[in-house]
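I opened this structure for the first time today. These are my notes on what I looked up.

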Amino acid sequence: MLPSAGSLSLDLLDAHLDALWEGVAPPLPPLPPDPAGLAADGTGELVHWALERLRRLPRDPEDGFRREIGGLLVEFRSRRCSWNAAALRLLDDVYTFAATGPRLHEDWAYDVLAILHRTVRDPRGWVRLDWDLRNAARHTVPAYPFAPPAAARFPDSLYPVEHRAAVAALAVMTEEWQSEPAPVRSRPDRDAVLADARTLLDRYGPAARYWTNATAAASDSAPDFVAAGLGGTRSRSFLTSAYVNGLDLFDDLGLIAVNDEEVGVFWSFGAF
């Protein structure tokens with residue numbers, strides 16, 4: 001099915017705001033015709049709100065403008081859909097990777113590899129959280145910070161988990177790997193954190209299946225990740241051992257969601 005005019009407008013505007021935030025933006029390309037296409041799927045108001053906010057932002061000083069653009073981009077993405085809002089609340093402030101790609105192969109490991117190498121886009125145009133998308137380290141390690149096994153070795157590195165455990169694994173990705181002052185298990189907003197994690201996984205539907213690299217799942221498909229916390233979770237690493245740009249990667253926790261149409265990849269990194 002072809003994307004609607006509204007969806008195309010949102011995608012173009014998102015890309016433009018992201019480029020402005022990075023300081024590399026060309027002029028905004030023409031948006032699809034308005035009003036018919038935009039009004040029909042309810043996106044016109046959001047597009048016009050964002051364009052008006054952008055028009056009012058002072059361009060100088062440049063660093064102040066980019067900070068304002070960063071805030072506008074987060075709000076724009078959060079307003080676009082509840083999934084985006086949950087992803088940003090849950091994972092935007094910690095070193096994580098969150099991306100969804102199309103399911104194109106019988107063996108979904110190939111779809112995961114495409115996501116980790118950034119060769120596919122989100123089928124719905126929703127938010128991708130990727131600290132390393134433009135990291136120069138990818139010139140040395142293309143999938144940085146990942147060095148994933150070959151598709152044929154995925155069964156040796158991943159373990160199936162039940163939905164409840166998948167929610168918990170995603171929730172503890174809000175924690176820091178070292179010296180976490182407020183683990184999810186003791187936070188007053190624990191239920192809200194778990195609700196955001198459920199919102200993210202609801203995207204993949206009730207028939208979705210889940211895998212993790214956490215070794216606790218090797219003998220138990222429902223480990224209590226919340227009780228263990230991120231720092232107490234061990235895994236089979238998918239990370240590169242290369243020391244690039246002065247950063248050591250020391251631990252990780254990953255979760256993969258698979259259905260017939262999409263593959264979601266969520267990963268948390270420990271680094272110093």
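**Leucine 201 and the cores**

I began with leucine 201, setting aside its neighbours within four places in sequence: this residue is in contact (heavy atoms within 4.5 Å) with His163, Ala166, Val167, Leu170, Tyr210, Leu255 and Phe266. I noted that the model is predicted, so local features need pLDDT of at least 70, side-chain atom pairs count only at pLDDT 80 or more, and totals for chains, interfaces and linings use all residues. Residues are numbered from 1 along each chain as its sequence is written, and side-chain values use heavy atoms, with hydrogens and water left out.

Next I looked up the largest nonpolar core. Such a core is a set of buried Ala, Val, Leu, Ile, Met, Phe, Trp, Tyr and Cys residues joined through side-chain atoms within 4.5 Å. Buried means under 20% relative accessible area, with exposed over 50% and partly exposed in between (1.4 Å probe, protein chains only). This core has 40 residues, and Leu91, Leu170, Leu200, Leu201, Leu255 and Phe266 touch the most other members. Elements giving two or more residues to this core include helix H5 (82-91), helix H8 (163-172), helix H9 (190-202) and strand S5 (249-258). Helices (H or I, at least four residues) and strands (E, at least two) are DSSP runs, numbered from the N terminus. Which element gives the largest share of this core? H8 does, with eight residues. I also found a second, separate core of 30 residues, which includes Ala109, Val112, Ala143 and Val258.

**Helix H5 and leucine 90**

H5 is mostly covered, with eight of its 10 residues buried. Among them are Trp83, Asn84, Leu88 and Leu91. The buried residues of H5 pack against H4, strand S1 (96-102), S2, H8, H9 and strand S6 (262-271).

I picked leucine 90, which is found in H5. Leucine 90 counts as buried because its relative accessibility is 5%. Threonine 174 is 84 residues from leucine 90 in sequence, yet the two are 6.0 Å apart in space, C-alpha to C-alpha. Leaving aside neighbours within four places in sequence, leucine 90 is in contact with Leu170, Thr174, Val193, Asp196, Ala197 and Leu200.

Threonine 212 lies in strand S4 (residues 209-212). Is threonine 212 buried or exposed? Threonine 212 counts as buried, at 0% relative accessibility. Its side chain reaches the backbone oxygen of glycine 254 at 2.8 Å.

Arginine 118 lies in the loop between helix H6 (109-116) and strand S2 (129-130). Arginine 118 counts as buried too, at 13% relative accessibility. The side chain of arginine 118 reaches the backbone oxygen of alanine 143 at 3.0 Å. Beyond its neighbours within four places in sequence, arginine 118 has contacts that include Phe97, Asp130, Asp132 and Tyr144.

**Helices H3 and H4**

Last, I looked up a helix pair. H3 (residues 44-56) and H4 (residues 62-80) pack at an angle of about 170°, with their axes 11 Å apart. Axes are lines fitted to C-alpha atoms, for helices over the stretch in contact, and angles run from 0 to 180 degrees between N-to-C directions. H3 and H4 are therefore roughly antiparallel to each other (over 145 degrees). Residues making the contact include Leu46 and Trp49 of H3, and Phe65 and Ile69 of H4. The contact residues divide into eight nonpolar, no polar and four charged. Ala, Val, Leu, Ile, Met, Phe, Trp, Tyr, Cys and Pro count as nonpolar, Asp, Glu, Lys and Arg as charged, and the others, Gly among them, as polar.

Technical notes:
Parallel < 35°, antiparallel > 145°, perpendicular 65-115°, else oblique. Polar contact = N/O pair within 3.5 Å; in protein donor to acceptor, adjacent residues only side chain to side chain.
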